[in-house]
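This report covers one protein chain. It takes up confidence, then the fold as a whole, then a few helices.

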Amino acid sequence: MTFEAYSVAVRLKLIDGVSAGISMIGRHVHGLTGEVTAAEASLKRMGLAGAALAAGGAFGLALFKAPIEEAKKFQTEVARFTSLGFGDKVNADAVKFATGMKTFGTSARENMTLVSDAMAVFKNLGHAEMAAPIMARMRFANQAVFGDGAAPKEAKFQDMMKVIEFRRGLSSDAEFNSQANYVQKVISGSRNRVDASALLLALKTGGVALSQRDNDAFYLGSEPLIQEFGGSRYGTGAMSIYQNLVQSRGSITAQQELLRLGLLDKHKVIFNDQGRLKKALPGAFLGGGILEHKGELALLEQVLLPAFAAKGITSEDGIVNELGMILGNRTGSSLMARIYQQRETLKLQTSANASAQDIDALYTAATQTLEGKEIELSAKWRDVLKELGTVVLPMAIKGVEGLTDFLKSAIGFAHQFPVLTSAITLTGASIFALAGAGGSLMLLNAGLRGLGLLIGAGAVGEVGLLGAVGGLLGPIGLAVAGL
């Protein structure tokens, strides 16, 4: 056999030995892969079972959360009513009334809030029971038609009741209902740009100048001016006009001009020795009744403009200047001049407000909308949650009380045995620290074991390969292989 042939034979033998080693490594790795796959599948099953169990428990507990929350809110509303201090009998009657209200689109909790708000303003359960259903209808109707932001909330309803009370709307149920409908017409006619809060601002600054107005004049006639000037500024201007004219607080020059125009009762005017006006007494202005009851626009058209025309004052500039002379200060004259310039528009807006929907009309329309039906569904669902939560709530309260007692005992123990508490705390901290370190080591060990599974097959394969090569390569083989 030639040297080349011998070399080839050695090489073939080497290849056969290496192939056997590689085959052995493959079988070993395949076995490890099966074990790892089986372990992984087992872990997945355990994880899924644990996750399902945890999810089931969390879902079961979550079922109680919403009912307890709704019952808790209702209980809080009852507590707020109780804080008014009217006694157990009134408290029980109020709760019974609120839960028995058959309203569309409001829950028992919301009805309880409305009864509480009414009681806080009226201090009379009869008035509160009369007002609450009206406010419930308003709340639902405005929410359904104008959106949740337009629904009168607690503060808005309190403002509305203050407005009605300030304007003597508690004289009868019919009067309260009438004025509440006027408030709704203002909201509907202005598309919620003017509401009870704006009306209350006007009353606060306008005072007696606005409180005696007829409902049409105050609610419907004032709305365009409140929308333009704002409640506070309009009220200030109205009071300025009232003080200058009705209460005769204007300047002597203004009062002399009113006398010249024939607008003062001479029996209520004090003259000096020369027969000139010295001072006008309150009530001397002849158009006071129209201003007090009908408002600025009626005063302008029925009293002032005819008096101006009788003296030849008919141009726009002349009328504006004359208004400035008799009203004196900037606030009142500016308001009256704007009313004069926009009087036709104001009449149209007032007429449109009169045609705007009141509570019943808006409520009826709202009940037929999908939004209204969804609001009703949500309200009734909250009632269901409240009933369920009322059953569970006592158990939840007991649980919280038990936990509170345990914590109080723990605090007492800590105060009584401070040294022992310190030792227990340090021991616990040490245990937790060791547990954390031990957990880290376990994680590291698990990682290393996993790494071992990956490189174990490679290590065995490497040994098998070296063994196979070492067994085949003798001194001659090594020499031949190196060739």
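pLDDT is the predictor's confidence in each residue, from 0 to 100. This is a predicted model, in which local features need pLDDT of at least 70 and side-chain atom pairs count only at pLDDT 80 or more, while totals for chains, interfaces and linings use all residues. Residues are numbered from 1 along each chain as its sequence is written, and side-chain values use heavy atoms, with hydrogens and water left out.

**Confidence**

The chain has a mean pLDDT of 78, and 66% of its residues score at least 70. Helices (H or I, at least four residues) and strands (E, at least two) are DSSP runs, numbered from the N terminus. Contact means heavy atoms within 4.5 Å.

| Element | Residues | Mean pLDDT |
|---|---|---|
| Helix 13, highest | 296–310 | 96 |
| Helix 20, lowest | 475–482 | 41 |

Residues 56–61 stay under 50 in pLDDT and have zero contacts beyond four places in sequence. Residues 457–483 are also below 50, yet this stretch has 29 contacts in the model beyond near neighbours in sequence.

**The chain as a whole**

There are 20 helices and two strands. Buried means under 20% relative accessible area, exposed over 50%, partly exposed in between (1.4 Å probe, protein chains only). Of 483 residues, 37% are buried. Among contacts between residues at least 6 apart in sequence, 70% join residues at least 24 apart.

Helix 7 (residues 196–206) is mostly covered, with eight of its eleven residues buried. Among them are Leu199, Leu200 and Leu203. The cover includes helix 5 (154–166), helix 6, helix 8 (208–211), helix 9 (215–229) and helix 10 (231–245).

Phe218 lies in helix 9. Is Phe218 buried or exposed? Phe218 counts as buried because its relative accessibility is 0%. Its contacts outside four places in sequence include Leu199 and Leu203, along with Val163 and Arg167. Tyr182 is 36 residues from Phe218 in sequence, and their C-alpha atoms are 9.4 Å apart.

**Helix 6 against helix 17**

Axes are lines fitted to C-alpha atoms, for helices over the stretch in contact, and angles run from 0 to 180 degrees between N-to-C directions. The axes of helix 6 (residues 173–189) and helix 17 (residues 359–367) come within 8 Å and cross at roughly 60 degrees. Helix 6 is therefore oblique to helix 17. Angles under 35 degrees count as roughly parallel, over 145 as roughly antiparallel, 65 to 115 as roughly perpendicular and the rest as oblique.

Helix 6 brings Ala180, Asn181, Gln184 and Ser188 to this contact, and helix 17 brings Ile359, Asp360 and Leu362.
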